[in-house]
Amino acid sequence: MTFITNKGICRVSTTPSHNQRVVSGMRPTGLLHLGHYHGVLKNWVEMQLNYECFFFVADWHALTTHYETPGGISQHVEDMAIDWLAAGISPSSATIFTQSHVPEHAELHLLLSMITPLGWLERVPTYKDQQEKLKERDLATYGFLGYPLLQSADILIYKADRVPVGEDQVAHIELTREVARRFNHLYGREPDFEQKAEQAATKMGKKQAKMYRDLRRQYQEQGDAEALSVGRALLESQQNLSIGDRERLFGYLEGSGKIILPEPQAALTKASKMPGLDGQKMSKSYNNTIALREAPESVDKKIRTMPTDPARGRRTDPGDPAKCPVWQFHEIYSNDTTKQWVQEGCRSAGIGCLECKQPVIAAVQAELAPIQHRAAEFEEDRGRVRAILREGAEAARQVARETLADVMEAMRFTHHQR
């Protein structure tokens, strides 16, 4: 990003740094399938190489809709962790843990619930949508109403910079930003704040400090949004500032107080292109999934019995790949040569449906084979999986405790002992 000052042109990098923090979780509701792999896990595997990642199994969130049957959740936690590890999530590259093993999530949730207006929770779009979809369940509970706020606590306890979400979850991130903003407004004014912020600015060096002050003036006096963006990027690039000084300077730049809980950004993920066996979205509720640990013979049978273009009642009837769920699999797994063979063969009845499915079967089996091999190793050593989750929770708690200490200090709970 470029900003023009009276001294010339200044450039500040706004590309994500390796130090940026990513937080994401997944509810343990059973074995994962190809939809999860293509929609979430492949993205996580890539992100762990470029960001400081915290990935957690959201077992408390599973209680919001399955509070009457909590018995299977613990088994699902380990199964989910195995699927993550088998898919390529590495404990050496990311912090992997179980939500309930870091009680600071719940403590921050409680504190945030004291300041969050009830109307904010009631207006979250998924609240009424899920109530409509899950009419068979009694969801008239605070746990269900408040689960977006627990999500906010999950994110804010790690002061996350980015949260990978689909479009349907963007409202939850906006709620998190509003909650952080409200908390900072209520508790972010410390004694001698401006003096401390000015002292922090001098630590940036004379040239950088002047640029920061120029950008602050441009934003606060003229409402220059570009100056605000560049100022934030300038602060992100500083290596010699403490976390406290950085947060003061963010607040000073924006005209608020010290930023105790930074506002996270939604990192929109591409919608999964992985269809179900019937052409709908792959989902357990549709009974159209292929599990990551599905037995090879079961994968073979499921794909062989997939529905095809209804027009192809007989082998000699031509068809239209666009009307066939199998074609959607070809779009993901097949190269251009195979796709052309399918298009020509289907439309001319030159190939049968079983012939068309064979390359898909082979490709899916090839994708699953290494995942299943790694999963089998972890399955045989669940103690290792539990150790990874335990070590991840210990690492996560160190970060969470620091955030909670900042929160308690800001709220003047100075007597709080941990």
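**Figure 1. Ser283 sits buried in a loop.** Ser283 has a relative accessible area of 17%, so it counts as buried (buried means under 20% relative accessible area, exposed over 50% and partly exposed in between, with a 1.4 Å probe and protein chains only). You'll find Ser283 in the loop between β7 (265-268) and α14 (296-304); helices (H or I, at least four residues) and strands (E, at least two) are DSSP runs, numbered from the N terminus. Skipping neighbours within four places in sequence, Ser283 is in contact with His33, Asn288 and Thr289 (contact means heavy atoms within 4.5 Å). A quick note for every view: this is a predicted model, where local features need pLDDT of at least 70 and side-chain atom pairs count only at pLDDT 80 or more, while totals for chains, interfaces and linings use all residues. Residues are numbered from 1 along each chain as its sequence is written, and side-chain values use heavy atoms, with hydrogens and water left out.

**Figure 2. The largest nonpolar core has 52 residues.** A nonpolar core is a set of buried Ala, Val, Leu, Ile, Met, Phe, Trp, Tyr and Cys residues joined through side-chain atoms within 4.5 Å. Leu34, Leu41, Trp84, Phe329 and Val364 have the most contacts inside this one. At least three of its residues come from each of domain 1 (21-186 + 265-272 + 383-395) and domain 3 (293-380); the domain bounds come from an automatic or database domain assignment. Not counting residues up to four places away in sequence, Leu41 touches Met26, Leu32, His36, Asp83, Trp84, Ala87, Ile89 and Leu292.

**Figure 3. Helices α17 and α18 cross.** The axes of α17 (residues 353-380) and α18 (residues 382-410) come within 4 Å and cross at roughly 90°. Axes here are lines fitted to C-alpha atoms, for helices over the stretch in contact, and angles run from 0 to 180 degrees between N-to-C directions. The two helices are therefore roughly perpendicular (65 to 115 degrees; under 35 is roughly parallel, over 145 roughly antiparallel and the rest oblique). Phe378, Glu379 and Glu380 of α17 meet Arg382, Arg384, Val385 and Ile388 of α18.

**Figure 4. Helices α12 and α13 pack together.** With axes 10 Å apart, α12 (residues 225-236) and α13 (residues 243-254) pack at an angle of about 170°, so they are roughly antiparallel. On the α12 side, the contact uses Leu228, Gly231, Arg232, Leu235 and Glu236; α13 brings Arg246, Leu249, Phe250, Leu253 and Glu254.
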